Amino acid sequence: MGKLMDSVDARALRFAAGFPVVLAAGFVVCAFLIRPDLPEPLAIRWTDDGGAAFAPFGTYVGVGAAAIVAAGWLVLSQAVTLNRPAIMRRIMMGAGMFLSLFVTSVVAAGLVGQAGLADARESHVDMTVLALGSGAALSLGVIIAFVFKADQQWSLDDDRALQLALAREADPDLARDSIRLWVHARSSVFIMIAIASLFPSALITVAVPWLGMLLVLLAVVGAAFLFARIKADRQGLKVLLAGIVPVMNVPAGAISGATAADVKAADYGGWGYRHHGGTSAMLVSSGPAVVVSKTDGQRLAVSGGSPASAARLAEVLTRVAARARRGGGGQPPAAQPES
């Protein structure tokens, strides 16, 4: 039961379960208020020749209330599950509100159209009630779709943020020992890739469309690999190719030193991720970088973006490595959340 409740939005569940029931109850109360003015039995369907199909008052009201509840539950329940996309949950909440109100308008219009008549065959659906109710249902459905907060009120990210805030309060130097940055190749490189791929693919597409699309896809993948996300904290250094693929993960205790330098990518095998002998490199261009020496004698180099960010990255790595050595290479006192 606990796992089930963790997978649903409790407040949305209460609304989805309660709103159609309250709406149906309101319809039933209003139906009984105008009961003295209604004929017996009530018409439930009209034919072109002036005839009608009939049902007792209790059946009409009971089936109408059940239809309101069923329609509301059917759609509103789709907005309760947390694993659905937020936009879908918003749409389902608005659609559920609209549908339950629309069904209420339909059955109410049927009742009001028969009020004050002795014979239900002379009745008709009250178009004013139907039009006003449908318009209100649509507008309220749209409003609910926009105002419904589909995000979790408290998530794992909130827990991590709270832990980080508490850790920073207990250790003021924690923020200084953390840096996150994106590095990428120069814009001229991406322009060159676009020219070298789009023009040939446009010509190839005339004869072989799938081959032209494949060339463009390969160019996009190649350009993505000239991006890297670099994270350094008390746990060590992590480098993610294209921001997704982890290519370097060096614990702080395995770092003996880090220096900022102006490097040439050709000296390390070129752009992108390279590994040769005892040297690994993730360089998106020549220029500012950080060269890291490991305790096992190996070295690695990562692009640092600007000279200032490269210097800051080298400073953080040097400081966390010294801290890890003083602590015997153990884990940092406070875990850094992944961002």
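**Values and cut-offs in a predicted model**

Biologist: Why does Ala242 count as partly exposed?

Modeller: In this predicted model, Ala242 has a relative accessibility of 22%, and since buried means under 20% and exposed over 50%, the value falls in between and the residue counts as partly exposed. Ala242 sits in the loop between strand S5 (236–241) and strand S6 (245–251), and its phi is positive, about 60°, although it is not a glycine.

Biologist: What makes the contact between Asp233 and Arg180 a salt bridge?

Modeller: The closest N and O atoms of Asp233 and Arg180 are 3.4 Å apart, and the criterion asks for a side-chain nitrogen of Lys or Arg within 4 Å of a carboxyl oxygen of Asp or Glu, so the pair qualifies as a salt bridge. Asp233 belongs to strand S4 and Arg180 to strand S3 (residues 179–184), so the pair ties together parts that are 53 residues apart in sequence.

Biologist: Are Asp233 and Arg180 buried or partly exposed?

Modeller: With a relative accessible area of 7%, Asp233 is under the 20% cut-off and therefore buried, whereas Arg180, at 29%, counts as partly exposed.

Biologist: How do you know that Glu315 and Arg319 are separated by about one helical turn?

Modeller: They are four residues apart in helix H9 (residues 307–326), which means a separation of about one helical turn, and their side chains meet in a salt bridge with an N to O distance of 3.1 Å.

Biologist: What is the peptide bond from Glu40 to Pro41 called?

Modeller: That bond is cis, with omega near 0°, and Glu40 also forms a salt bridge with Arg35, the closest N and O atoms being 3.0 Å apart.

How values were computed:
Residues numbered from 1 in each chain as written. Predicted model: local features only at pLDDT ≥ 70, side-chain atom pairs only at ≥ 80, totals over all residues. Heavy atoms only, no water. Helix = DSSP H or I, 4+ residues; strand = E, 2+ residues; numbered from the N terminus. Buried < 20%, exposed > 50% of the residue type's maximum accessible area, 1.4 Å probe, protein only.
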